[in-house]
Amino acid sequence: MVFIHGGGFVDGSATSDIYGPEKLLIKDIILVTLHYRLGFLGFASLDDKDFAGNYGLKDQSLALKWVKNNIAKFGGDANKITLVGESAGAASAHYQVLSKHSQVDDSTTELLECLRKVDATEFLKHNKKFQTLYSDIYFLNGTKETIKRHRGDKYLYKFGYEGSFSISQLISGDPTSKNGACHADDLLYLFPMKPFVAKRVGNETDKDKEISARDVDLELT
């Protein structure tokens, strides 16, 4: 199982304290996580050979090739690799499927010409401003295109369980708030997520543990 972390293509990491294998090891799997370039350095493009862009996706592609060529040395099966991700990572998984069909839209020409005139150090100084240049379309478009082209069965995965702890509590700043299931809440039942779980109020319930087992079973079936 190769897992690609989320973070809106601008932040995040694949460290084991967040995405460790502890909860997944009830199944006979090998977990591989990977880092890839983010933000401007990962996804800006000047549409030329010197700065072609999408380096974050290219990092992922190289990592997948490495796994394919080497996973047998870790007891894995190169013919049974499952690519999984969350948020931007899930979008990335779809983009890896569609990568041969990726194109730069003609409407970006004017923007590219403008960017070529700016010193690269300026982008690094103002990197946070570029974090507003993405939206949910980056997450959903790859999914839509994959579904359109896939001829087999299609399954909708919808996570709606609000357990004893939610990412929404971190967002709201209120550890006791109840706002329903939040984006990325399912990660709490698949991975350790230690930096997040450390801020929870109360302990994991038996129902939480049941959902965790069911979620792992669903993800790895």
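Which residue in β3 stands opposite Phe 3? In the predicted model, Phe 3 is placed opposite Val 84 of β3, and the strand that pairs with β3 here is β1, which spans residues 2–4 and is joined to β3 by three bridges in a parallel arrangement. These strands belong to an open sheet of three strands, ordered β2-β1-β3 with parallel pairing. The edges of the sheet are formed by β2 (32–34) and β3 (83–85), each of which pairs on one side only, and neighbouring strands are turned against each other by 30 degrees on average when direction is ignored.

Of its 221 residues, 35% count as buried, and among contacts with a separation of 6 or more, 67% are made by residues 24 or more positions apart. The chain exposes about 13900 Å², of which carbon and sulfur atoms supply 55%.

Helix α11, comprising the 14 residues 206–219, reaches 20 Å from its first C-alpha to its last, close to the 20 Å expected at 1.5 Å a residue. Within α11, the residues Asp 208, Ile 211, Ser 212, Asp 215 and Val 216 are buried; because they cover an arc of only 135 degrees around the axis, they lie on the same side of α11. An α-helix has 3.6 residues a turn, so residues three or four places apart point the same way. On the other side of α11, by contrast, Asp 206, Arg 214 and Leu 218 are exposed.

How values were computed:
Residues numbered from 1 in each chain as written. Predicted model: local features only at pLDDT ≥ 70, side-chain atom pairs only at ≥ 80, totals over all residues. Heavy atoms only, no water. Pairing = 2+ DSSP bridges. Helix = DSSP H or I, 4+ residues; strand = E, 2+ residues; numbered from the N terminus. Axes fitted to C-alpha atoms, helices over the stretch in contact; angles between N-to-C directions. Expected span 1.5 Å × (residues − 1). Buried < 20%, exposed > 50% of the residue type's maximum accessible area, 1.4 Å probe, protein only. Arc of directions from axis to C-beta. Contact = heavy atoms within 4.5 Å. Areas by Shrake-Rupley, 256 points an atom, 1.4 Å probe, with all protein chains shown as cover.
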